[in-house]
Amino acid sequence: MTAGRSNFDAMVAKWNTDGYLVLPGFFDNKRIARVNDLVDELWDSRAAKPNQLIIDTFLGTPETRRTRFSTVPDQVRESPYKLNDLYLDYEDVRQVVLDKELAKIVGLLLGGKALVFNTLNFEYGSGQDDHVDTFYMPPKQANRMLASWMALENISPDSGPLRYYPGSHLIPPYLFSNGKTNVIGAELPAFYSYMKLELEKRGIEPVSFLAGRGDVFIWHAQLFHGGTPIIDPQQTRRSLVTHYYRTAEYRHLFWRLKKVNEHGYYYRRPHQTPH
Ligand SMILES: O=C(O)CCC(=O)C(=O)O
């Protein structure tokens, strides 16, 4: 996909109003297959060729755990999981999440070069409650963070598609009693009451993203979104989520910034810790 200057202007205008962009058919089958093949290969070889990867297992259940991927039994692959940070170790993933054209668009929306600081591979719906990404990893400067979501297959309505609330990024950020957007679990009921009221005031309704393989969705870190309930647990919903900061805020950690192309870098850090 190529975008001329006027396309970029239109994109930014839409972004400012809606807090998201859809890039239909952005990735061709070959590039998507490379990511899916990598995930399959990692599952098949994880015991024989142990790696550093960390997985969140049994998402949405009391058994959910963050653990070493190389040690999990096959059965873990049959229910929702999140395979963390493939971008740290696999060039094929970096080449997709910092594809030149994508990184250029991300950079344009962030007002500087893109910096990937995490990736999450899902094989089923996340079932994640609606939230804003600044719950977990707020940027150093407001509006300098966003996420991309790539459909690694055609998404069926029963598989628990991503859902989002257009324009909700304009709702003033909710501050928890720590004075920040970082979530405090016990205060979530107050957060959801606030969001309900603000969404009603603005007449915002949720939209499910019924993506086709290769589509990319980009959302603002303050866009309210989550995973819809999974209706058919047999249906896969392969997707790749990436969070980006703006590189400018991380220049002081220059030894951790690795260039992928003129539009984007990735943040070299240790893998997550199991717990
Ligand atoms: O893919 C999904 O269902 C939700 C992912 C998400 O909300 C996130 O990673 O922030």
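**Reading strands, core and ligand shell**

User: How many bridges pair strand β12 with β13, and in which sense?

Analyst: This is a predicted model. Strand β12, residues 257-261, pairs with β13 over four bridges, in the antiparallel sense. The two strands form a hairpin, with two residues between them. Within β13, Tyr265 is the bridge partner of Lys259.

User: What other strand do bridges join to β13?

Analyst: Strand β5, residues 114-122. Three bridges join β5 to β13, and the two run parallel. Here Leu115 has Tyr265 as its bridge partner in β13.

User: How do I read the faces of a strand, and which residues of β13 lie on each side?

Analyst: Start from the general idea: in a regular strand, side chains alternate between the two faces of the sheet. In β13, residues 264-267, Gly264 and Tyr266 take one side. Tyr265 and Tyr267 take the other. All four are buried, and both faces are covered.

User: Which residues have the most contacts inside the largest nonpolar core?

Analyst: The general idea first: in soluble globular proteins, nonpolar side chains tend to be buried together. The largest nonpolar core here has 61 residues. Val106, Leu115, Val116, Leu146 and Tyr244 have the most contacts inside it.

User: What does Leu115 touch, leaving out residues up to four places away in sequence?

Analyst: Tyr265, Tyr266 and Tyr267 are among them. Other contacts include Tyr244, Tyr245, Tyr250 and Leu257.

User: Which residues of helix α4 are buried?

Analyst: Helix α4 covers residues 100-110. Its buried residues are Leu102, Ala103, Lys104, Ile105, Val106, Leu109 and Leu110. Val106 is also one of the core residues with the most contacts. Gly111 follows α4, with a positive phi near 75°.

User: What is the strand order of the open sheet of three strands?

Analyst: The order is β8-β7-β10, with antiparallel pairing. β8 (207-208) and β10 are the edge strands, each pairing on one side only. Two bridges join β7, residues 162-164, to β8. Val207 in β8 is the bridge partner of Tyr164.

User: How many residues surround the ligand, and which are the closest?

Analyst: 13 residues surround the ligand. The closest are Ser126, Gln128, Leu162, Gly227 and Val241. Five of the shell residues are nonpolar, seven are polar and one is charged. β5, β10 (225-227) and β11 (239-246) each supply at least two. The largest share, three residues, comes from β10.

How values were computed: Residues are numbered from 1 along each chain as its sequence is written. This is a predicted model: local features need pLDDT of at least 70, side-chain atom pairs count only at pLDDT 80 or more; totals for chains, interfaces and linings use all residues. A residue is buried if 20 or more other C-beta atoms lie within 10 Å of its own, exposed if 12 or fewer, and partly exposed in between; C-beta atoms are placed from the backbone. Two strands pair if DSSP finds at least two bridges between them. A residue is near a molecule or strand if its C-beta atom, placed from the backbone, lies within 6 Å of it. Ala, Val, Leu, Ile, Met, Phe, Trp, Tyr, Cys and Pro count as nonpolar, Asp, Glu, Lys and Arg as charged, and the others, Gly among them, as polar. A nonpolar core is a set of buried Ala, Val, Leu, Ile, Met, Phe, Trp, Tyr and Cys residues joined through C-beta atoms within 7 Å. Two residues are in contact if their C-beta atoms, placed from the backbone, lie within 7 Å.
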